[in-house]
Structures are given as structure tokens and as C-alpha cells.
Amino acid sequence: MSQFAGWLGQRYRVNRPLSEYERLADVRLLDSTAMDPIDQGIIKIDECSIEYVDRHFVYRGWGAMWGSLVAALALAFAAGILWKLSQIVQRGLRVVSSGDYYTAGYIALLCIGLAAFAYWMLIGKDIFRYQYYPVRFNRITRTVDVFVGGKRGAISAPWEDVHFFIGRDKPAGPGESSTYDLRGHIMEAGTIVHTFSVGSDSGSSPGLTLAHWEMIRRYMESGMQHLPFPPLQLFTSTTPSFRNAVVIHVSSPGKGVMLVALPITLPWALFRYLTMKLCKRPEWPSSVEAPADCRASGGAVLNAPDVYGRISQSAGGEAMLRYWEESIRRAKARDPELRGTICSTTVV
């Protein structure tokens, strides 16, 4: 599925030059100044930095769910074969040859291998890792910090040197649309050395991605106080609760298809909750933490809410919802123009 590009078995291709598409889709070359900034995955914003989740945050649990199903079926089949053979031997139903043992052992090994492959490709890339991989834009240091975990901790690059573009993935099948997101390449001597995604994807709308970029551009160039929002409220929550898992997966299809999708979305929510509990919360290395003068500034700070999607029911919350709906409408109106500009080339 194209929504999982850069994750599971679809890692980003690096150690190569930019493709023609990536040059055309450079968001710094596309006019975004007239667009309304859109929040797509902000979890913290203050006068010094703005921080996003990675694109795959909302999909967590998917790899663990399907990987566990494949592994369970494979191991159950192997156990069934061995149990059936043992029953034949114990009851003396027929003479068991060495070929029978070899065949049963071979099938069992294949099933165990399939289960191990499911863990390697799906389960192991979902659990025992980090709950999310944040991306931070720092106005003070003028850097983009990408959390990668492990001993390396984070990768940092100058704001002006990162190649940001509208990422586009190949459709998963005939009749399906491409999925767009805001993607960044960290370059060295004209070669891509690391690729990352910022915030949630935009579905089939490149216009939403450009509005997403405009939010970051205005913040980095003008600051938090110049964002043209009504009272800004964040909606992306990183709290690893079962309630958030249900909100993200069970509620996301909408009222019309929520019950129809429940056989998939409810188990997905359960596996998301388990995945979050089995993963570590990311902690930025000291080299990336905000400068002391920023921490002591005492300016406005907005953090992720405890419940995903919860905003105030006050007049400010209503104004935020109206702004959000209108901004999405205006952003999607640019989809035909953007597709004509950037979609004439093949995705690499």
C-alpha cells in the first residue's frame, strides 16, 4: 500500500541523485504564499521550534496486526502437521516412513521461516522501536532535526540545505490514487543520504501537502506570532492510550462506514495500543535540545493534547474548525494545477 512508503518493506531509496520528479516537486519553487497554513501532525510549537510526528505515526499497529496473523497461521499449520504425524505414530494407523518425517519436518521449517519473515518485515518494524520519530524545525539554530533513535539519536541539517518536495507514491493498484506527503532529502555533494517525511500524509491531494509546507515556511521565516490562525489548537496526540487508538483507527473512516470497517479497525486499534506500549518514547539528544535562552524565554507553548482530535468547545474552537474546513477546501482547489505541474514524470 502506498500509504506505507518509507516504512515496513518499502524503504526510501537513498545514495542517488535527485530524480526529475523530485526537482519539479520542490516546494520552494511552487507558490505557496497565498495558501492557508494547515496543521498536519504538530505536537509542539513555541517561539523557538515546531515539532511534528512522522508520516507513519497514525499507521502504527498495522505491521504488528498483519504480521502476527501471518505468523500465527504459519505456526498453527506447522503444529497441526506435527500433531497429525504424532497421532498416526501413537495409534499405529499406518507405517510411517522416514520420508514422512522428512516431509513433515520440511513443512514445519518452511512455516517457521514464514513466521520469522513476518516478524522481520512487519512485526519487528512496528514493536520494540519508538512510538514515533519526530521532526523538529528550529528557528534559533536554523536547522531541521530528524529523530532516528539508536546510538545516532538524530540527524541535523541546515534549513536552507534540505530539499523539501511533495512526495508521491505509486498507486497500490489499478484505479487507486497516489498518496502525497511532505518529504525531505538530506543531501551531501548532490547525493541523497537520508529521506524523511514530515507530519501526516495528505491522501490524494498535493494541495494539502503544499498548505502543510506553507505552515512550516511561515513559521521559520516569520515566527509563531505571524501564523494567521484563530486561537491555534493542536489535535495530534502522542499519548499511548487505548482511547487514542480507537479515535485514530475506529473513528477515522467516518460515521457512514465506521460499523462496516469495524472488523479491521477495532483489531487495528488494539494492536496499535499494544505497539505503543511496547515501544519507547523518543528523547532528543542533548545536542538537539532547545538553547537555554529559548527555554527561559517564557513565551507561548502549545503541546499535544491528551486525547487525539480534542479541541476546545469554545468560540475559539469553533473558529478553528471553520478555518480548518475552509483551508482544506482552498488547498484541494489547487490539486489539478499541481498535478499538471509535478505529475508528468515517473516516480522513482
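**Cavity, pockets and a patch**

Reply: Before anything else, this is a predicted model. By class, six nonpolar, five polar and one charged residues make up the lining of the largest cavity.

Me: Which residues line the largest cavity?

Reply: The lining consists of F57, S237, T238, T239, P240, S241, N244, A245, I248, R272, Y273 and M276.

Me: And which helices supply at least two residues of that lining each?

Reply: Those are α5, residues 242–249, and α6, residues 258–278.

Me: How much space lies in the largest cavity?

Reply: About 60 Å³. The structure has one cavity of 30 Å³ or more.

Me: How does one find empty space like that in general?

Reply: A probe the size of a water molecule is rolled over the atoms, and this shows where empty space is left.

Me: OK, pockets now. What volume does the largest pocket have?

Reply: The largest pocket has a volume of about 890 Å³. Its lining has 31 residues, and V58, S200, I248, S252 and Y308 lie nearest the centre.

Me: Which helix gives the largest share of the lining of the largest pocket?

Reply: α5 does, with three residues. Both α5 and α8, which covers residues 315–332, supply at least two residues each.

Me: How do the residues of that lining divide by class?

Reply: The lining of the largest pocket has 16 nonpolar, 11 polar and four charged residues.

Me: What about the second largest pocket, what is its volume?

Reply: The second largest pocket has a volume of about 580 Å³. It is lined by 21 residues, and closest to its centre are G6, R11, Y133, H194 and T195.

Me: Which strand provides the largest share of the lining there?

Reply: β8 provides five residues, the largest share of the lining of the second largest pocket. β8 runs over residues 191–198, and β4 over 143–149; each supplies at least two residues of that lining. By class, the lining divides into 10 nonpolar, five polar and six charged residues.

Me: Switching to the surface. Which residues make the nonpolar patch?

Reply: Y119, F128, F242, L266, L270, L274 and L278 make a nonpolar surface patch of about 650 Å². α6 gives the largest share of the patch, four residues.

Me: Where is Y119 found, then?

Reply: Y119 is in helix α3, residues 98–121.

Me: How far apart are T275 and S19?

Reply: In space, T275 and S19 are 35 Å apart, C-alpha to C-alpha, and in sequence they are 256 residues apart.

Me: Last topic, the whole protein. How many helices and strands are there?

Reply: The protein has nine helices and nine strands. Its C-alpha trace spans about 85 × 50 × 45 Å along the principal axes.

Me: And what percentage of the residues count as buried?

Reply: Of the 348 residues of the protein, 49% count as buried.

Key:
Residues numbered from 1 in each chain as written. Predicted model: local features only at pLDDT ≥ 70, side-chain atom pairs only at ≥ 80, totals over all residues. Heavy atoms only, no water. 1 Å grid on protein atoms, 1.4 Å probe; cavity = no way out; pocket = protein on both sides within 12 Å on 5 of 7 lines; lining within 4 Å. Points joined across faces, edges and corners; volume = space filled by probe spheres on them. Nonpolar A, V, L, I, M, F, W, Y, C, P; charged D, E, K, R; others polar. Patch = residues over 30% accessible without salt bridge, like charges linked within 9 Å, V, L, I, M, F, W, Y side chains within 5 Å. Areas by Shrake-Rupley, 256 points an atom, 1.4 Å probe, with all protein chains shown as cover. Salt bridge = Lys/Arg side-chain N within 4 Å of Asp/Glu carboxyl O. Buried < 20%, exposed > 50% of the residue type's maximum accessible area, 1.4 Å probe, protein only.
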